[in-house]
Amino acid sequence: MSDLVQLAFMAFIVENIILTKFLGICPFLGVSRKRSSAIGMGLAVLFVILISSMVTWVLYNYVLATLELTYMRTIAFILVIAALVQMVEIFLKKVSPALYKALGIYLPLITTNCAVLGVAILNINNNHSFVETVVYATFISLGFILVMYIFAMIREKLDFSPVPRAFKGTPIALIVAAILAIIFSRFGGII
Amino acid sequence: MNQKENFFKGFVKENPLFVSVLGMCPSLAITTKVENAIGMGVAVFFVLTLSNLVISLIMNSKFLRDLVKPVRIPVYIIVIASLVTIVEMVMHAYFESLYKSLGVFIPLIVVNCIILGRAEAFASENKPLDSAIDGMGMALGFTFAILIISLFREILGSGMITIWGDAALDLGFIFEFLRISPIDIFIKPVGAFLSFAFILATVVAIRSAGDRRKAKAGADK
């Protein structure tokens with residue numbers, strides 16, 4: 001049990017997916033202008049990462065490993081993710097139009113979000129069990145939401161701050177990310 | 001546009017990393033060492049050139065074009081993923097240490113926005129030869145950009161550049177002369193964000209200075 005707590009804490013804060021693993025940088029810089037869109041994107045990512053990690057774990061361990069086709073991993077995973085995003089989209093449209101409307105524009109963007117494929121592959125590379133996969137996927141995505149939210153709050157203020165002309169836009173956003181990365185890495189001392 | 005312009009536009013005018021800011025994830029993560037940047041550059045060069053070529057061949061044949069049109073993005077992704085799998089297997093077999101240090105970022109070339117972006121924006125509407133040249137130029141522009149970042153980070157962070165075990169360039173004496181030790185924060189994740197921010201700001205400053213000069217020359221006329 002304590003192993004799981006440690007895994008969750010590492011995934012959530014210390015080895016944060018954006019700030020130390022550099023996965024999902026595109027939505028991090030692209031969709032973090034407003035808090036509401038940051039949360040929308042975060043929830044969509046949580047949803048897809050969780051389901052795709054479980055599906056790819058089962059696919060890898062019970063289909064690809066038994067058929068000795070492990071080298072097909074990348075192709076198989078990206079197809080699963082693309083199909084899954086499409087299915088989630090259709091499913092939500094039918095079942096919960098309100099949620100679909102809220103997540104709508106972010107869902108297709110997720111296929112090319114490297115966090116989804118990245119987490120699926122990291123689960124396999126680190127030899128996680130199924131339970132560990134679920135915990136890891138959940139807390140990695142919660143960490144994603146947390147950082148997106150904090151970053152969006154800072155960015156809303158940043159729009160009104162005097163920034164040197166060359167640093168406007170992406171460069172100043174990266175400097176803010178660097179400061180956040182220092183703060184998050186310091187939590188490593190707790191474990 | 002002739003082929004020379006087509007090839008060189010990836011370096012400066014439309015550099016994928018510094019101008020379009022695509023493909024951020026690998027360029028932040030693997031630029032801790034120059035050798036990683038070279039390995040990543042070679043992998044992207046192979047994948048981007050061939051994917052542009054194959055996709056352009058598919059889209060130039062009338063029969064395949066009509067067949068593929070409704071599902072073109074999945075088809076692009078399968079082409080790219082197959083090429084990435086080839087790179088992954090070759091690297092695992094012949095360059096074990098590089099394979100380990102690039103880690104998860106080799107399979108992640110599949111979702112690199114530069115490759116899908118070029119497939120959709122250029123290869124699907126141009127001749128095969130032009131597309132292959134465009135792919136080469138873009139890949140070299142990307143390699144050039146990550147080389148600059150990794151040079152900056154490795155020199156500041158460890159004081160020397162090591163390529164496959166040999167010290168290619170030892171600048172430790174400068175740090176000794178200044179009586180400081182190498183700044184190891186530049187090897188850490190924080191350094192990636194900082195170096196990229198400063199390099200990007202420098203590029204923006206140079207470009208806007210160039211634009212101003214051009215505007216002034218235009219006004220004088």
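Because the model is predicted, local features are reported at pLDDT of at least 70 and side-chain atom pairs count only at pLDDT 80 or more, while totals for chains, interfaces and linings use all residues. Residues are numbered from 1 along each chain as its sequence is written, and chains are lettered from A and ligands numbered from 1 in the order in which they are written. Helices (H or I, at least four residues) and strands (E, at least two) are DSSP runs, numbered from the N terminus.

**Contact between the chains**

- Between the two chains, 29 residues of chain A are in contact with 32 residues of chain B, two residues being in contact if their C-beta atoms, placed from the backbone, lie within 7 Å.
- On the side of chain A that touches chain B, the elements giving two or more residues are helix H2 (25-30), helix H4 (73-95), helix H6 (114-125) and helix H8 (170-186) of chain A, and H8(A) gives the most, with nine residues.
- Sorted by class, that side of chain A has 22 nonpolar, seven polar and no charged residues; here Ala, Val, Leu, Ile, Met, Phe, Trp, Tyr, Cys and Pro count as nonpolar, Asp, Glu, Lys and Arg as charged, and the others, Gly among them, as polar.

**Chain B as a whole**

- Chain B has 10 helices and two strands, and from the N terminus on its elements run α-α-α-α-α-α-α-α-β-β-α-α.
- The C-alpha atoms of chain B fill a box of roughly 70 × 60 × 25 Å along the principal axes.
- Of its 221 residues, 40% count as buried, where a residue is buried if 20 or more other C-beta atoms lie within 10 Å of its own, exposed if 12 or fewer, and partly exposed in between, with C-beta atoms placed from the backbone.
- Among contacts in chain B between residues at least 6 apart in sequence, 77% join residues at least 24 apart.
- Helix H8 of chain B (residues 128-158) has 31 residues and reaches 44 Å from its first C-alpha to its last, close to the 45 Å expected at 1.5 Å a residue, the expected span being 1.5 Å times one less than the number of residues.
- After H8(B) comes Gly159(B), with a positive phi near 80 degrees.

**Helix pairs**

- In chain A, the axes of helix H1 (residues 2-14) and helix H7 (residues 130-158) come within 7 Å and cross at roughly 30 degrees; axes are lines fitted to C-alpha atoms, for helices over the stretch in contact, and angles run from 0 to 180 degrees between N-to-C directions.
- That angle makes H1(A) roughly parallel to H7(A), since angles under 35 degrees count as roughly parallel, over 145 as roughly antiparallel, 65 to 115 as roughly perpendicular and the rest as oblique.
- The contact of H1(A) with H7(A) has 11 nonpolar, one polar and one charged residues; among them are Leu4(A), Leu7(A) and Phe12(A) in H1(A), and Glu132(A), Phe139(A) and Gly143(A) in H7(A).
- In chain B, the axes of helix H3 (residues 34-60) and helix H5 (residues 72-94) come within 9 Å and cross at roughly 145 degrees.
- The residues where H3(B) meets H5(B) divide into 12 nonpolar, one polar and no charged, including Phe46(B), Leu50(B) and Ser51(B) in H3(B) and Tyr76(B), Ile80(B) and Leu83(B) in H5(B).

**Helix H7 of chain A and Ser141(A)**

- H7(A) has 29 residues and reaches 42 Å from its first C-alpha to its last, close to the 42 Å expected at 1.5 Å a residue.
- The buried residues of H7(A) include Tyr136(A), Phe139(A), Ser141(A), Phe144(A) and Phe151(A), and what covers the buried residues of this helix includes H1, H2, helix H3 (35-64), H6 and H8 of chain A.
- Ser141(A), which lies in H7 of chain A, counts as buried because it has 27 C-beta neighbours inside 10 Å.
- Leaving aside neighbours within four places in sequence, Ser141(A) is in contact with Val45(A), Leu46(A), Ile49(A) and Leu50(A).

- Phe22(A), in the loop between H1 and H2 of chain A, has a positive phi near 55 degrees and is buried, with 26 other C-beta atoms within 10 Å.
- Glu68(A), in the loop between H3 and H4 of chain A, also has a positive phi near 55 degrees, but Glu68(A) is exposed, with 8 other C-beta atoms within 10 Å.
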